Structure formats: C-alpha cells, structure tokens
Amino acid sequence: MNELTLSTPALLFSAISLIMLAYTNRFLAYANVVRSLKERYLKEKDDTLLEQIINLKKRLFLTRSMQIYGITSLLLCVLTMFLIYVEQQIIAVWVFGLALVLLIISLAYLIKEIQISVDALNHHLSDIETKLNNTKK
C-alpha cells in the first residue's frame, strides 16, 4: 500500500464539507415544511397532512443520521491529518479507512432519504392526476 499523505484526507475533507452543507440545507428545508404543515394540521385536522408530517419525520431522522455519519467522517479525516503530521502512519491509515466507511454509510442514508422523498412527491402527483382525470370526465 502506498503511504497516505496529507493531501488524500484533505481532498476528502473539502468534499465532506460540501456534502454537509447540502445536508444542512435539506434539514432546514424540512424544518420549514414541518412547521407549516403543523400549522395547517392544527387548523384543518386533515389526515393527509398528518401522513405528510409522519413522512417528514422519517426523512428528518434519515437526514440527522446522514449528518452524524458525515460529521464523524469529517472529524476522522481531521484526525487522520493529525496522525500523519505526528508520523503515526499505520493508525492514520486505519482511521482514514473508518472515515471512508462512515462516509459510505452517510451516502447510503442519503439514497434512502431520496427514495422516500420521491415516493412522497409521486403520491402528491398522483393525487393531482386523479383530480385532473375526474374533472375531464
């Protein structure tokens, strides 16, 4: 195996930082949607709104998990750079490998969250399509 240099975890460091920004934006968007759906539900008591809130709760859990694994991966990249700096190469390689595994887990959660999001949007679209088909008849 080639020696791990500071540039390798540094490259991953910047990529993870961008991913974390995207995760945070998702989280903030979901938080706004949850607040507005809660207000609408308290006014209307519509069960479909409750289903949407439950769906968003799942997505928030996944987003939180994505963030936790991503942040931990970022932390381990920084630790890897420190270990390389203090010439602890073998430990650095293992820590960096763990950082990669955690990033993979974070991205797997992202895939799951995207699937749930697409299913929710398809559900909304099918409702609209049904209403359009009923008005055409």
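Hi everyone, let's start with a question: is Leu18 buried or exposed? Leu18 has 61% relative accessibility, so it counts as exposed; the cut-offs are over 50% for exposed, under 20% for buried and partly exposed in between, with a 1.4 Å probe and protein chains only.

Before going on, this is a predicted model, where local features need pLDDT of at least 70, side-chain atom pairs count only at pLDDT 80 or more, and totals for chains, interfaces and linings use all residues. Residues are numbered from 1 along each chain as its sequence is written, and side-chain values use heavy atoms, leaving out hydrogens and water.

Back to Leu18: it lies in helix H1, residues 7–44 (helices are DSSP runs of H or I, at least four residues, numbered from the N terminus). Its C-alpha is 13 Å from that of Leu107, 89 residues apart along the chain.

Now over to helix H3, residues 89–136, where Glu113 sits. Glu113 is buried, because its relative accessible area is 0%. Leaving out residues up to four places away in sequence, Glu113 touches Arg26, Tyr30, Arg59, Leu62, Thr63 and Met66, contact being heavy atoms within 4.5 Å.

Next, the inside. The largest nonpolar core has 18 residues, and Leu12, Ile16 and Cys77 have the most contacts inside it; such a core is a set of buried Ala, Val, Leu, Ile, Met, Phe, Trp, Tyr and Cys residues joined through side-chain atoms within 4.5 Å. H1, H2 and H3 each supply at least two residues of this core, and the largest share, 7 residues, comes from H3. A second, separate core of 5 residues includes Tyr30, Tyr41, Leu49 and Leu56. Thanks, all!
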